[in-house]
Every structure is written in C-alpha cells, then in structure tokens.
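Take a look at the chain below, then read on.

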Amino acid sequence: MKQKLMIRIVAVAVTTAMLLGAFQVSSVMATEGTADTNQQTGAASTETTEVNEYLGDMLTTNYTHVSAGYTAPVYKGESVVYPIDEIYQDGAELVEDTNGYDHQVVQVKIGDVINLVIDVEETAQYIIKFDYCSADSSVLPMEFMMKINGAYPFYECRRLLFESTWVYEGDTVIDRYGNEIVSVPDKLIQWESKYLMDASYRHSYALNLELEAGRNAIEIEATEGNFLLGDITLEAPVEIAEYTGSTTAEGDILIDPIQAEDFTNRNDSSIRATAEFDASLDPYKISDTVLNTVDSESYSKAGQKITYEFNVEEAGYYYIATNYRQSDKNDFPVFVDVAIDGTIPNTAFSSYPFTYTTKYKTATLEDENGDSLSVYLEAGTHTISLTLNNDNICHVLEEVDAIMSGVNDLALEITKVAGTNKEKYRDLDLEAYIPDLVERMEGWADELDALHESVKQYNPDVKKIAAFSSITIAADLIRELAAKPDEISYRVDELSANTSSVNQHLANLVDTLNSNDLSIDRIYLYQKDAKLPKSIGAFKRFIMSIERFASSFFDQAYSTSNVDEEHLQVWVNRPRQYLEIMQKMIDEQFTPETGIEVDLSIMPDQQKLILANASGDAPDIATGINYAIPFELAIRGAIADLTDFDGFQEVLNQYSPGLHIPATIDDGIYAVPETMNFWVFFYRTDIMDKLGLSVPDTMDDVINMLPELQMRGLNFYYPTAGMIAMRNFHGTTPLLFQSGATLYGTYAGNTTLNSEKAVEGFTLLTELFTIYNLDVDIPNFYQHFRNGDLPIGIGDYGVYNLLKNAAPEIANSWAIAAVPGIEQEDGTVLRYTAGGAESTVMFKSTDEREAQAWEFMKWWSSADVQAEYGQTLQISYGTEYIWHTANLEAFTELPWSTEDKQVILEQAGWILEAPRILGTYMLEREMSNAFNAIVVDGEQLRIRLDNAVKDIDRETERKLEEFGYIKDGVTVKEYVVPTIDIVNEILGNTE
C-alpha cells in the first residue's frame, strides 16, 4: 500500500484585517496610477526577503550550496581514528561493550545530547565515519542531529540516518493455502559503520566537512533509537576508480543464478519479495503463489540497498546481467550503484542506468560504447550489492525546489499588490509594482527547459522524456502567464494554488523522480562463452497464461466462498497483506491456545454487511469496518451487545472511552475499536523558532499569533478546510465540544445545535474563516505544511503518515503537540477531538458460536497481540504501514517516534466522538450545510442553525417512528442519547 502522493501547492494569500487597508490602497493606487512604484517594490522585496529567510533556509544552507563555498583543500592523509572514550565529554554515559570494542563506548538514548571534542591537525575537507550498534529491536533506523562548533554545518545535518542490517535465515513461509508469503526479517545487533550522508540520499556519497585545525566540538542529539556510539574517524574523501575500459571475460562459466527475492541482507526491513504471475520469472507456478521477484514498491527509495552472497569456484573476469523491470519512469532510467564485496569497482558501476522497460528483460551491464562490463573475482565467497541512487538527478530536484520557492514568493508579492479580489476586468498594471515580474518568470521557464535538456543524455533517442512531462507543462504555463502579465493578478492561483498550477506540476515531477521502483528477478554472473537461460517463447507463454487464467477461478485464498462452516468466520476490511500476517498469528497462537479454528476472508464491501446479514451470509466477526457502521447494524439487531459477555469491561477499558460513544445504544456497547484516527497539532519548528513563536496551548493563543503569521503570508490550517465535499463531524464538532456543548439533549428528538454553548462553538468555528481569514478550502494540508506556507495546523493520522514517509527534506523541522483547546473558567483547557477509525463487531449467532467469537475478539484486541501485529506489519512492509491501533497500551509498544507517541497518547485521552442515533446522518449533513452557508454564502448563523435544528428533529422523528420508538405520534420508548458519562458507567468507571 504505497502512498502515491497527489501534491497540491496553494499560494499564500494575505487577507488579514490588519493588511486589508494596505490592499485597498494598492487597488486604488493601481487604478489611479499614482503609486510610488519604487516604494511599493521595495516593500514587496522586504517582505519576500523576510519570507525567504525562513522558507528558503533549506535551499540556502543545503550541502550543495554550502560545499560550493568551501575554501580549504581536500584532505589527502591517512585516516584519523578518535577513540570514543577519549573524545567523549558529557551527555550520556560510558559503558563496557562485549561485541568487539576493547574500550568503553557511549550508550545513547533518545533525547540524549552528546558532546565530543576532537583535535584536528590541519584545516581541510574531511569525510567523517561513525561506528554504531543498535541497542534495541525497533524497526526504525537510528537518527541524530549533529552540530560542529555550535552550528549545523549544512541543512542535511539536521537529520542523519543510521540503518541496521536485516536478514532472514528461516525457512520459506507458507500460508494455509500453500502460498508463499513475505517473511519477517531479523535485525542484526552488530557494530556497523557509516559515513555522514544525506538522509534523503539525493547525494549517494559521503558529505565533506570543512574543519579548522585545532579543537572542534561535536554535538550529537539523538532523535530516534537507542544505540551504542563507538569510534569516530576522519578520512580523505573517497574517489571511485576511473573506468578505463573492460576486460573480456574469457571462459564459459555461469555461476549459479542469484534469485533476487532471496536477499542475503538489506538495509531496510521493508524491502521484500513479491509474487508475480509472469512466465518470464523464476520460480513460477501456474496455480500456487511463489515469491519470485523484488517488490518494486518496496525497493524504490534512494539509499535502499540489497545484498546477495554468491560463490565463485574459479577465479577470473565475469560479466553481470539482471532480469529486471523498470516501468515507473517512462523514457528515463533508474540509477543503481553496483558494488562487489562492498566496493564499487569503477565509475562505470556508479549510478548505472537501468533503462525503462514495461516487461522483464535480461540485460548485461554495459558501458557507453555497448561493451559488457566485467569484474575480476577470486575463487571463494563474494557479495554483490545494488543501491538505488539519485545523484544524476540531484541538481534537478534542488533547482526545482528553488523554483517552487520562488513561485510561492511571487504569488505572495502579487497578492500583496492586488489583494484577494480576483476581478477579471479590474485594471491593474502589475509590472508597475513588480518590475522584474516577466523577467523572473521567463527565467524560471528557461531554467526548467535547461533542466530537461540536461537529462536527455540518459535517453537521447527521444525528443521529450515522458517522465519529465510535468516540467514541460510547468514551463509552458509560466510562459503563458508571463506573456500576459496584466492577467496574472486574477490568474494567480495558476502559479501555486490550484490543482493544475505551476507548482502542482513541479511537485508531481519531484514525486516521479523520487520514485525509483525497480523489480529484479535474477542476477547472473557469467563469462563470454556461457549460455544464459533462454526466455520462454511466445507460444509457451501464451499457453501458460491461459492455464493461469483457468487456475484463477479455483484460487479462493481469503475468499468468502472458500471457508469451512465449522470454523469461525472473520471478514476483514483490509488488503491481503494484512490478512496474511493476521492469519499466520491466528494459526500459530490463537488456535493452538483455544482450539478454535478461524478462517479470514477479505470483506467484499463493508456497506453491504446489512444485506449480508439479512440474507444469512454474514460472518461471525467483521473487523476493519468504519466506526459509524456498528450503529447501523446494532439498531437493526444484527450484532451482539458486547456487555453481555464476561470480561467486557476489561476488554473495552483498553480504549479511550470517547471512542465507544458511536457504538453505544441504551446500556449496551456493540463494537470494539480497532484503530484510531488521532488528531494532533502540527507545527514547523524551524519557522516557529525564527519567528519567536511558542506552541499555542489554546485557540486564543492561535488567534493571537495569526497576525504575526499572516503579515508574512503564512496561516493556520483548521481541518474543516480540508473537507471539501462534506464537512464531517471530525471537522465540525471539536470546537463545539470544547465549548461545553452537546449535539442532543437527553433524548433523541431534542437537537441542541442552537443552544448557547453550541452557538458559541459554531461561531468560533466559522469566524476562524470569516473574521480571522483562514483559507476555506485546502485540499492538501500536507503539501502546504511541507512548503511552509501553512506552518501550523491540526491534522490526523493520514497527515502524520505522509510527513513521516514522504517529506524527508523537512524531517526534524517539524513536531506535533496536543490540540489547542478552549480554556474554561476554572483554568482547565478542553482539547476534545474526534478519533474514530475502524472497529470490530460480532454478528448474532448461537451461544456456542458467540462464545468462540468473543474469545477471538478478546485475543485480537489484547495489547500484546495488537503490539505484535503492528510491529510485524511495519517490519515486513515498512514505515508507511504504521499501525494506528486504538489499544492504548499496545500503542506504547509500537515502533513510532517516542516523543510523538507521548503526544498522541495524551491527545487520545481527549477523544470524544459524536453520538450516533437514529437520524444522525441528517445532523452531520446539516452541520456541513450550515458551515458552508455561513462561511461561503454569508448567511446569519443563528437563523441558519435554528432552521437546521428543525430539519434535523423532523428527520429524527421520522426515523424514531420507523424503528418503533414513536407510534401514531406518541413516544412509545425514549431513545437515550449516549454520552461519555453513560459509557463510563457501563465500563465501571464511575469514580
């Protein structure tokens, strides 16, 4: 489940009341033609410089920029080793090590700040190497920040990654259906060495440090992982041997082919094998699933390395060939460093291009002249490593970053001049205020064209490289806008705001270039006269495809139609890889412990569970279903009340009580939360620090800092703005609940959306947009936060996952905190947010069947099982698969950032979901409609809420009558609206 990001970059629009007067003046001056152009231009330039000061920090202090200014010579001497016990000053503790060191090492824990001092003999450029050993089993790589003499040498030192080696030495893992599944690798706890390198791996080589002769202080702050820090070494920068030609590999030896799915080791646990039904792969079976190639979705990021061990019986020269597919970058190669025994033989093996191909093909590594590349191998055991590399496109990525920053700045300048009124027929001479407008834009277009030209050397056979189509579109759009500068004031969104803007296209390009999806089936090492295995002929391939097609009708793994009715039936609303891990845990743990057999099936459609129950086809348990669905099933009598089972309080008290509200009817609870969609406050630490702003504790704090942000073209994101089609409860209820409001009275039919506290909360919600000038529609907070124009905002698990996995350039430049709330009269701050995600329910059945189902639900929801599942999922498939379990105890054991877990757990205590009752859909819809009517259409708030309440109560009454609570206009039974107090009473939390 790889995240394929669609990036939308929105321009900064300064529309605060504080600046409104300036905008009006600008409009008048533009109309009358009396502006002091120099003064106006100077003001705009000042503002832009100020914005660049913090938004452009990454661009002006990155390694490329800083190293270009080095004046010291490159060090040429011998390596200088600094024993860690001699240079250590303070910040942690020295401990004895039994794994290879003959002296003490530093034991580093998350949050430690280690101070070291080294004496450097001569002023020069060095590369620095660290010895380290992981001290825990976390799937996350170790991370730290490094300062030299009190400052970061360059931006990349804010985040340094130190990976572990992952191996798997067990047998092939087979599931119950006879199919191979991904195995869980083991982390080697051993001493490793790594040079100072860019964590994003735009640069694949060690980064040079310019050090002055004398004492140099090194400060290391550990931000992730517990590890031992060993010796530090300064060395001369390594130069790869120049390629001078290839020696013919005489002979007829073909070394046993290396099956690429059988890694000896890799530096990322998520790099995995996958099964493809392609007859050109080996191994291949028509019916059973066999892992037979490297999963390109897992082997995609620059810096990822896979290593294979092989044996050479006879010394000599050998060619290297691979059977691979690289279909992600159309018309453009993926670059790979090929190393033998840990060393790249020569420059021909560095950044070697794996060309675009939609089908698997076997290709021998060749030089520019088409001569096969050879390596000399002595008899014995060797290794070959393949590391994804972005060196050849680093300049493109960095230049595009700079242009995107410039486009954002220009959009800000234009908004400052023209205001937010994008009137098409308004007469505004924009060049009078921004004299270099056209020149700047045409310069960007020329730069983009030059970047495109610079990479054509990698595929000179095509006129335009398809993978770079976005750069061409962006350049053409810039020229189109520059050709009619007077129109730009009302077309400013085409620079960086809308989904087809210049920056949108450039962001798409960055995503494309960062994705290096590469599938490898086999690796061959052979000599000139050896015969490589022939590919399967077209006719045989056709026959095998027909056989595979026929076999697919009988492949019913994890299908609802392939079950044993004697077994417990569990439908899972998740992709197959989730089920494979879950089924394996069930077969190895739950069934042996309880004797209960369980069949997992992929859920056909969670929206059809009600129909499945009506037709008698419902499972015993459904899990992974949307948190709002249990109410719909429970009100129709389809699922069991979990409070009828022994130990229900122990099970349900593992979760935040507010998560149970949507599944509560009367005094029963009908679902167990499985995952939570937490909401937290995101903030850019770099921008906040430079502005001297503190993390807001309350919404008043947020409002008070808005002028400081908005005068610089920045703003705050509130999640209602990200809900374009429907402003759901997650965006509309938090401020109401923080104001002390409820949505209903004690009983259904009494909607309190127009109560004083609700009006107070809804007023604050809408005034954020109507008075305090937050943007109403922001499709993608992630991208704006990444760019820096929305440096603070409230986001959910999805935003967190994206920032962790798809924004490496701002890692260690952002953090999370508890959601700013509303301060009460007693000084407490209410921070209520939503948090519902997926749930587990039990369908009604026989007593025996329900007893078995309850045993399974207890097991599956337990802290130990949830923690193990989350760890296994992330180790096997990577950090994109972070498991956001709702079990609070299990959450503490998951491989998440330690600091982030503390914040999330604190905020989880404030989860308060809206109650689900008959007709709640109308309440959610009307709250969304009211928001739009007030914020977008300018309607009066109280009138709109009063009308909404009438419609909601009318619909609620109709539903109450439908379900028998009202008959002939008379209330037969009151429907009690669930509250947090009712939930706590059910769970025995009455103190």
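## A residue in a loop

Leaving out residues up to four places away in sequence, Asn728 touches Met723 and Glu924. This is a predicted model. Asn728 sits in the loop between β34 and α18 (729–732). Is Asn728 buried, partly exposed or exposed? Its relative accessibility is 26%, so Asn728 counts as partly exposed. Now compare its place with that of Tyr683. Asn728 and Tyr683 are 45 residues apart in sequence, and their C-alpha atoms are 24 Å apart in space.

Strand β35 shows both senses here. With β34, strand β35 pairs in the parallel sense over two bridges. With β33 (residues 679–684), strand β35 (residues 792–796) runs antiparallel, and five bridges join them.

Individual bridge partners can be named. Phe716 has Ile792 of β35 as its partner. Phe682 is bridged to Gly793 of β35. Trp679 is bridged to Asp796 of β35.

How many residues of β35 are buried? Five of its five residues are, so the strand is mostly covered by the count of residues under 20% relative accessible area. Both faces are covered. On one side lie Ile792, Ile794 and Asp796. On the other lie Gly793 and Gly795.

## Strand β7 and its partners

Strand β7 (residues 142–148) is mostly covered, with six of its seven residues buried. Which strands does β7 pair with? One is β8 (residues 160–162), which runs antiparallel to β7 and is joined to it by three bridges. In this pair, Met142 stands opposite Phe162. Another is β13 (residues 214–224), also antiparallel to β7, with six bridges. Here Glu143 has Glu224 as its bridge partner.

## A contact across the sequence

Thr233 lies in strand β14 (residues 227–235). Its relative accessibility is 5%, so Thr233 counts as buried. What does Thr233 touch, neighbours within four places aside? Its contacts are Ser79, Val80, Val81, Ile127, Ile128 and Lys129. Take Ser79. Thr233 and Ser79 are 154 residues apart along the chain, yet their C-alpha atoms are separated by 6.7 Å.

## Backbone exceptions

Most residues other than glycine have a negative phi, and most peptide bonds are trans. Some places in this chain depart from that pattern. The peptide bond from Asp282 to Pro283 is cis, with omega near 0 degrees. Pro283 is in the loop between β17 (273–274) and β18 (293–294).

Asp341 and Asn773 are not glycines, but each has a positive phi. The loop of Asp341 runs between β21 (334–340) and β22 (352–354). The loop of Asn773 runs between α20 (756–770) and α21 (781–787). The table sets out their values.

| Residue | Phi | Relative accessibility | Class |
|---|---|---|---|
| Asp341 | near 55 degrees | 40% | partly exposed |
| Asn773 | about 60 degrees | 16% | buried |

## The whole chain

Now step back. The chain has 29 helices and 41 strands. Its C-alpha atoms fill a box of roughly 95 × 85 × 65 Å along the principal axes. Why does the radius of gyration agree with a compact globule? For 991 residues, such a globule would have a radius near 30 Å, and the chain has 31 Å.

Buried residues make up 58% of the 991 residues. Among contacts with a separation of 6 or more, 79% join residues 24 or more positions apart.

As for charge, the chain has 68 positive and 160 negative side chains. The centres of the two sets lie 7 Å apart.

Key:
Residues are numbered from 1 along each chain as its sequence is written. This is a predicted model: local features need pLDDT of at least 70, side-chain atom pairs count only at pLDDT 80 or more; totals for chains, interfaces and linings use all residues. Side-chain values use heavy atoms; hydrogens and water are left out. Two strands pair if DSSP finds at least two bridges between them. Helices (H or I, at least four residues) and strands (E, at least two) are DSSP runs, numbered from the N terminus. The radius of gyration is taken over C-alpha atoms; the globule rule is 2.2 Å times the number of residues to the power 0.38. Buried means under 20% relative accessible area, exposed over 50%, partly exposed in between (1.4 Å probe, protein chains only). Contact means heavy atoms within 4.5 Å. Lys and Arg count as positive and Asp and Glu as negative; His and the chain ends are not counted. The place of a charge is taken as NZ of Lys, CZ of Arg, CG of Asp or CD of Glu.
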